[in-house]
Amino acid sequence: MDESYLNRIEIILVDTQDGANIGSVCRAMKTMGLTHLTLVTDRVYDENRVSTLALHAKDIYLGRKEFRTLEEAIRDSTFTVGATRRRGKLRKMSAYSPSQLAEKLSDLPQGKISIVFGREADGLRDDEVNMLSSIVTIPTSPLFPSLNLSQAVQIIAYELFLASKPYKQGLVSVDHERTLKAGDEMVGHLERISYFKWDEEKKWTKQLLEDIIERAGLSESELQRFEKIFRKVEKIKIYKDGNDRGKEDEEVY
């Protein structure tokens with residue numbers, strides 16, 4: 001087992017309703033070598049309910065980080081993935097299975113990896129899923145497709161534990177905040193050359209570019225070269241339009 005690989009992974013729980021479920025998640029994490037827990041919530045939990053289910057894994061809860069928003073929680077992550085079984089136009093069209101996700105993560109360069117789980121009742125909202133670059137879906141029977149929160153964490157954590165192996169050194173992926181800035185810049189270049197015909201196209205193009213950057217695990221130097229392509233496209237379009245107007249003026253005279 002490569003502990004440095006597992007040490008990169010954090011489990012984020014969004015607005016968990018019952019402290020007992022947090023305790024169960026702590027136990028599921030620790031059995032598979034995961035130690036970083038983040039809560040996105042403004043709730044105050046009954047620590048007795050957490051402790052009862054966590055047993056000897058309460059240290060995971062005591063070492064937790066807490067944020068009010070998911071956006072804050074993933075700001076320094078280099079790869080983000082949401083656990084959900086729902087897909088569609090307003091979410092993501094494709095998903096990793098737990099084993100595919102484990103294989104993907106083992107090949108990523110250095111940087112924090114965040115795996116996000118939603119509420120017990122209704123999971124992650126569309127806007128929350130859209131903050132993340134990818135989703136992971138656990139195959140289940142159509143007879144009863146819903147999993148308990150800690151069960152979902154346990155299954156994914158098990159696959160990560162099995163796949164833990166040395167990861168590539170030297171290359172450091174940009175974090176989530178940098179990815180968002182790059183998305184804004186690239187979409188800005190496209191907008192200035194009138195690429196978009198409607199607002200929704202701009203929104204989904206930005207999301208697509210950000211997802212691609214994060215899934216690719218680009219380094220800062222690679223991302224700068226990627227951004228340069230969009231800057232150059234804008235400059236070429238401006239230059240071409242200027243020349244075309246010059247030719248029209250010449251024809252008038």
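Select Ser97 to begin: at 18% relative accessibility this residue counts as buried, where buried means under 20% relative accessible area, exposed means over 50% and partly exposed lies in between, computed with a 1.4 Å probe on protein chains only. The model you are looking at is predicted, so local features need pLDDT of at least 70 and side-chain atom pairs count only at pLDDT 80 or more, while totals for chains, interfaces and linings use all residues. Residues are numbered from 1 along each chain as its sequence is written, and side-chain values use heavy atoms, with hydrogens and water left out.

Stay with Ser97, which lies in the loop between β4 and α6 (98-106); such labels come from DSSP runs numbered from the N terminus, helices being H or I runs of at least four residues and strands being E runs of at least two. The side chain of Ser97 makes a polar contact with the side chain of Ser99 at 3.2 Å. A polar contact is a pair of N or O atoms within 3.5 Å, and within protein one must be able to donate a hydrogen and the other to accept it, with residues adjacent in sequence counting only if both atoms are side-chain atoms. Which residues does Ser97 touch once its neighbours within four places in sequence are left aside? They are Val136 and Thr137, contact meaning heavy atoms within 4.5 Å.

Select β4 (residues 77-83), which pairs with β6 in the parallel sense over 3 bridges, two strands being paired if DSSP finds at least two bridges between them. β4 also pairs with β5 (residues 112-117), again in the parallel sense, over 6 bridges, and here Gly82 stands opposite Val116. β4 is mostly covered, with 7 of its 7 residues buried.

Now show the whole sheet, which is open and has 6 strands in the order β3-β2-β1-β5-β4-β6, with parallel pairing. β3 (65-67) and β6 (134-136) stand at the edges with a single partner strand each, so one side of each has no neighbour in the sheet. From one strand to the next the twist averages 30°.

Next, select α2 (residues 19-31), a helix that lies across β1 (9-14) and β2 (36-40) and runs at about 155° to β2; axes are lines fitted to C-alpha atoms, for helices over the stretch in contact, and angles run from 0 to 180 degrees between N-to-C directions. Since 10 of the 13 residues of α2 are buried, this helix is largely enclosed by the rest of the structure. What covers its buried residues includes β1, β2, α3 (47-54), α4 (58-62) and α8. Look at both ends as well: Asp18 caps the N-terminal end, with a side-chain oxygen 3.0 Å from the backbone nitrogen of Ala20, and just after α2, Gly33 takes a positive phi of about 80°.

Finish at α8 (residues 149-163), where Leu149, Ser150, Ala152, Val153, Ile156, Ala157, Leu160 and Ala163 are buried. These residues cover an arc of only 155° around the axis, which puts them on the same side of α8; the arc is that of the directions from the helix axis to the C-beta atoms.
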